Structure formats: C-alpha cells, structure tokens
Amino acid sequence: MSQGLWDRLERRIPAVADRIMRRYVDGSPHYQGVVTEHLHRHMAHTCREGSRLYVRMARELREPRDEELRLFRERAHARGAEGLPAAHFMEAYHLCAEEIWHELTQVADGELPPQAGAVLLRWLRHVTREALDAHQQEFQASRSEEREARRATVRALVAGERATESATRFGIRLADSYTVLALRFVADPSESIGDALGRRLAGRRKVHRLTDELLRAFSEDAGAADLLAALDPDGGLVLVPSDPDRSDQGGSDQGPETARAALQRVRQATGIDMTAGFAHAGDHAGIPSAAAQARRLLPLAVAPGEVAVLGDHLFAYHLRHESEAAPHLRSLVERLRTEPDLLTTVGAYFANDFNRRQTAQQLHVHPNTIDNRLSRVDALTGVNPRTAQGLLVLGAAMGVGGAEHRDA
C-alpha cells in the first residue's frame with residue numbers, strides 16, 4: 001500500500017509546487033500576488049525537488065545524502081546574496097512542508113503510514129538547516145561587502161575623489177549634500193575582556209550595532225539617499241543626506257538639534273555614550289573641509305551626547321589651529337599643572353568673569369587666597385592675570401592646553 005501512496009504523491013508534486021508559489025506570493029509584500037518568471041524558474045524547481053526528496057526519504061526510510069541537499073545550499077546562497085531576509089526564505093520551506101502534508105492526506109484516503117509525519121519533520125530539519133547555514137554565510141558576506149563599500153565611499157568623498165562609479169556599482173544612492181558627523185564612542189567593557197580575538201569580535205559587534213542604529217535614527221533625514229558610515233570601535237565619520245540649502249555652518253537652524261535627537265536615540269538603543277562634531281557640506285566638493293571641521297570640533301564636545309557646532313565654539317575652535325605660538329601656550333598650562341590649585345583657580349576665575357569674591361566662594365577660600373594665587377600665576381608663568389593682555393594670553397593658553405588636557 002505504501003509504495004502506491006508515494007507514487008500517487010509523486011505524481012501530484014507539480015500541483016503541490018504551484019500551490020506553494022501561489023500561497024507565497026499572496027503573503028509576500030515583494031510580489032503582491034504576482035508569480036514572476038524568476039519564481040517559476042527557481043522556486044518552483046526547488047519546491048518540486050524538495051518534495052521528491054521527501055518521497056525518497058519516506059520510501060527508503062533513510063536520511064538525505066549530501067548531494068541531495070546541494071540544491072538547497074545553492075539556492076540559499078543565491079537568496080542571501082540578493083539580500084532576502086531569512087524569515088522570508090524560511091517561509092517558503094514551511095509552506096512546502098504544509099502543502100506536502102496536505103496533499104499526502106488527500107491521496108492517502110485516511111490511511112497514512114506511521115512514519116510519514118516523522119519523516120516530514122526530519123526532511124524539514126535537514127533542508128532548513130542546510131539552507132539557513134548557506135544563507136547566513138552569504139548574507140553576512142553580502143552585508144560585509146556593502147558595509148565596506150560604504151566605508152570606501154566615505155573615504156573617497158572625504159579625500160575629494162569622485163565616488164559616483166563605485167557607489168553605482170554597489171547600489172549606493174548618493175545625496176547632493178551631507179551633514180558630516182565625526183563621532184567618538186565610549187569603550188564598551190566587553191572590548192577589554194578576554195583574548196585578542198574576543199576583543200576584536202566585541203569591537204566588530206559594537207560597530208555593526210551602532211551602524212544599524214544610526215541607519216534607523218537618521219532614516220527620516222536620509223530620504224531617498226543612503227546614509228554613509230565609516231566607523232571603528234572608537235568612532236568615525238557618518239555622512240547624513242541633507243538639504244543643500246540649509247545653513248548649518250553656524251548652527252542657526254534645526255540641523256544640530258536633529259543630530260542631537262538622533263544620537264540620543266542611538267545612545268538609548270545601544271547603551272553606548274558618544275560625542276560628535278557637526279559640520280555641513282553643501283555639495284560633494286565641500287565634504288573634505290566639512291569632515292576636517294567636524295573632526296576638529298569633536299574634542300570640544302565633552303559631555304556625553306554633546307554635539308559640537310562651530311557657532312558654539314568659535315574661540316576654542318580658532319585656537320585649536322596649530323601655529324608656532326601653540327607650544328608656548330601649552331607650556332604655560334603645563335607650568336600651572338605643577339601646582340593644581342593654580343590651574344583650578346584660573347579656570348574658576350574665568351568662569352566667574354574675573355570676580356575674585358565669586359571665585360573665592362566657588363572654591364571655598366578667602367578672597368585674599370585668590371589674590372595670592374593670581375600673584376603666584378604671574379610669578380610662575382610671567383603672565384599677569386590682572387591685566388587685559390595677561391587675560392588674553394591665559395585664555396588662549398587654556399583654550400589650547402586646557403582642551404588638549406580634556407582629550408587625554
């Protein structure tokens with residue numbers, strides 16, 4: 001009786017494959033009920049061969065051979081390379097199992113062999129395991145290739161090179177203008193645990209997670225173009241598609257606020273603190289200078305979640321440009337660091353607009369102590385903080401040396 005049953009089921013396999021495809025396209029947003037030529041050529045063939053494999057396993061009561069599973073690995077590689085999510089891919093196999101069982105119950109007239117259900121479950125386990133392994137390998141390779149293509153596009157744009165051809169080759173949609181964010185990430189504890197391989201894997205997972213969350217956070221701003229990211233575990237650059245007419249250079253519109261809100265969402269989703277430097281490039285030619293500006297602003301963002309914009313840091317940003325005077329200004333701060341109370345006092349003196357009484361209250365000392373310390377600053381550095389010239393020099397020194405001390 002059993003052999004006749006499997007013969008009848010095998011003759012019905014083409015009809016089974018047709019029903020599987022019909023159910024798949026009816027439930028898939030990718031096809032909207034239309035069975036395309038691609039599905040007829042590939043999916044129908046896979047369904048027919050999968051059904052025939054089940055019949056052979058049931059007839060011979062055996063497990064599938066490696067060569068019998070090759071087709072499913074090959075099709076899974078192809079779907080992974082196309083970027084089809086695994087959930088959609090697995091849907092087809094489960095529909096196949098359902099329709100095989102439905103057809104088997106129809107042709108069996110209620111007399112199913114006891115092994116039929118167990119063999120079908122083993123068939124599903126074998127084909128889905130092989131398919132998922134192959135799909136995952138190809139899908140991850142494809143995503144890695146896409147990420148590297150985006151990193152290469154960022155590097156090209158920042159270097160002032162044309163990136164249109166390489167972007168087109170990888171399907172990357174370029175915008176006319178970009179908001180440029182230079183990011184710095186706080187180290188995750190897992191990056192310092194275990195051996196070198198474990199730390200490297202933790203860093204990669206961190207980069208992948210941050211990249212995915214940045215894509216989600218800036219999806220509305222990106223519009224039809226793609227967000228571009230070149231990140232490592234410590235930070236990197238993100239190019240967010242933007243309006244070429246915006247005037248973000250001075251922070252006068254909502255661009256910086258949008259970036260702050262998006263980065264806050266990323267921080268909440270990942271638990272990773274970050275700071276950013278913000279600049280805008282009105283066209284591709286402006287990206288190199290915008291990237292340089294964002295990188296120079298980044299050290300000025302101190303508090304977690306802070307986004308440094310040029311308009312908020314004009315003085316400190318100007319001082320951070322290297323010149324022959326910079327080493328001399330740094331040396332003044334280094335001298336003050338030999339007596340930490342002096343450096344603290346100068347900082348508080350500036351913060352309180354040179355009001356010695358308010359400075360004394362903040363530091364919980366007598367105003368005469370502030371006078372004595374300011375005199376000591378003069379003696380140690382040769383710069384008198386009670387004169388306009390001395391205040392300018394000390395302010396410049398704190399801007400250069402102080403900012404670098406915060407970065408350390």
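**A serine and its surroundings**

Mentor: Start with S51: its side chain reaches the backbone oxygen of C47 at 2.8 Å. That is a polar contact, meaning N or O atoms within 3.5 Å; within protein, one must be able to donate a hydrogen and the other to accept it, and residues adjacent in sequence count only if both atoms are side-chain atoms. This is a predicted model: local features need pLDDT of at least 70, side-chain atom pairs count only at pLDDT 80 or more, and totals for chains, interfaces and linings use all residues. Numbering runs from 1 along each chain as its sequence is written, and side-chain values use heavy atoms, with hydrogens and water left out.

S51 sits in helix α3, residues 37–60. Helices (H or I, at least four residues) and strands (E, at least two) are DSSP runs, numbered from the N terminus. S51 counts as buried because its relative accessibility is 4%. The classes are buried under 20% relative accessible area, exposed over 50%, and partly exposed in between, with a 1.4 Å probe and protein chains only. Leaving out residues up to four places away in sequence, S51 touches I13, V16, C96 and I100. Contact means heavy atoms within 4.5 Å.

Now the cysteines. The structure holds zero disulfides, a disulfide being a pair of cysteine sulfur atoms within 2.5 Å. C47 is in none; its nearest cysteine sulfur belongs to C96, 4.7 Å away. C47 is buried because its relative accessibility is 7%. C96 is likewise in no disulfide, with the sulfur of C47 nearest, at 4.7 Å. C96 is buried too, at a relative accessible area of 4%.

Move to helix α5, residues 86–108. Its 23 residues should span 33 Å at 1.5 Å a residue, and its end C-alpha atoms are 33 Å apart, so the two agree. The expected span is 1.5 Å times one less than the number of residues. Just after α5, D109 takes a positive phi of about 55°. Back at α3, the loop between α3 and α4 (70–82) holds L61. Phi of L61 is also positive, near 50°, in a residue other than glycine. L61 is exposed, at 53% relative accessible area.

Further along comes the sheet. Five strands form an open, mixed sheet in the order β2-β3-β1-β4-β5; strands pair if DSSP finds at least two bridges between them. β2 (228–232) and β5 (307–309) are the edges, each pairing on one side only. Neighbouring strands are turned by 20° against each other on average, direction ignored. β1 (residues 177–185) and β4 (residues 274–281) pair antiparallel over eight bridges. F185 stands opposite M274 in β4. Helix α10 (residues 255–270) packs on the sheet, touching β1, β4 and β5, and its direction makes about 145° with that of β4. Axes are lines fitted to C-alpha atoms, for helices over the stretch in contact, and angles run from 0 to 180 degrees between N-to-C directions.

Finish at L210, in helix α8 (residues 196–217). L210 is buried, at 1% relative accessible area. Its contacts, residues up to four places away not counted, are F185, V266, T270, I272 and M274.
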